[in-house]
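Subject: Structure handover, salt bridges

Hello,

Here is the structure you asked to look at. Please open it alongside this note.

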Amino acid sequence: MIERARNFLWHNARTLEQRWFEHAFEGGSAEGVVQAVLAFRNDDGGYGFALEPDHRGPTSQPLHALRALQMFGEVDAPEQAESILKWLEATCPDGSVPFGLSTSKDHPKAPWVQADDQGGLLLTAQIAAALLTLEITHPWLDKATDYCWQEIDKLEKTHPYELRAAVMFLDEVPDRKRAELAAEKLKHLSQDAYEEDEGLAMHHYADKPTSLARHWFTDEEFSKDLDELQNGQQEDGGWNFGFLAFTPIVNFEWRSIATMDALLTLRRYGRIS
């Protein structure tokens, strides 16, 4: 399985995902991953240039900041979050992060990528989770955490990606008792969200055994889900992703990310060594 995935990535992946694979499975350096991410950084401290494949163009955008933070989390590089925090302070001073900024209006992006400068739980929760994973303490993160709690506490209706974002936040936030209570409250929303055709499976909500969302599914259900993930490796060695490729290049960019996510999820659940 890993050898086939390696072959796929060397044929098709960006330098970033190749470096990520080397670090995760072949003892490659963390610095190689960091340098690959830094190639996407702008002078304002944010990130652009399609680091997140669905948002093309050079301007610094929240989706790219999220992807950078997640990659820094993969290689334990918290010091690299400093420039992003400065950018977030300047761009989203109240602690709520929009899905997209209007500065991207002149560049291509997927049709589902909004650019309205309107803050929301979807991006704020994921960015807060990524910062918390890096064990960052910062005044901006305090604001974002307060915002996430406020939005999660009043959540009555949601969609799959927002629900997943909320769980990502709850998995990392220090107040574990409050997080457990909130996850139990959100459990009643999970069935409706899971049944929506958004390309998300059970392991996307609980991508590690310690996730609070793991309790939303029975052992039998989750084992079947992991079987499907494991069997999802394609003939060329890569995995597919569950949404449309809005322009041809993103097909291989997203497939490379999906392949790394699949391998790491299967390893965390003991399906591969």
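What follows is a short account of the salt bridges in it.

Please keep in mind that this is a predicted model. The count of salt bridges comes to 13.

Asp-153 and Arg-178 form a salt bridge through their side chains, with an N to O distance of 2.8 Å. Asp-153 belongs to helix α7 (residues 139-153) and Arg-178 to helix α9 (residues 176-195), so this pair ties together parts that are 25 residues apart in sequence. Asp-153 is partly exposed, at 40% relative accessibility, and Arg-178 is also partly exposed, at 34%.

A salt bridge also links the side chains of Lys-208 and Glu-172, at 2.7 Å from N to O. Here Lys-208 sits in the loop between α10 (202-205) and α11 (219-230), while Glu-172 is in helix α8 (residues 160-172), so the parts tied together are 36 residues apart in sequence. Lys-208 has a relative accessibility of 22% and counts as partly exposed; Glu-172 is partly exposed as well, with 23%.

In the pair of Asp-219 and Arg-214, the closest N and O atoms are 2.7 Å apart. Asp-219 is exposed, with a relative accessible area of 59%. Arg-214 has 14% relative accessibility and counts as buried, because the cut-off for buried is under 20%.

Regards

Conventions. Residues numbered from 1 in each chain as written. Predicted model: local features only at pLDDT ≥ 70, side-chain atom pairs only at ≥ 80, totals over all residues. Heavy atoms only, no water. Salt bridge = Lys/Arg side-chain N within 4 Å of Asp/Glu carboxyl O. Helix = DSSP H or I, 4+ residues; strand = E, 2+ residues; numbered from the N terminus. Buried < 20%, exposed > 50% of the residue type's maximum accessible area, 1.4 Å probe, protein only.
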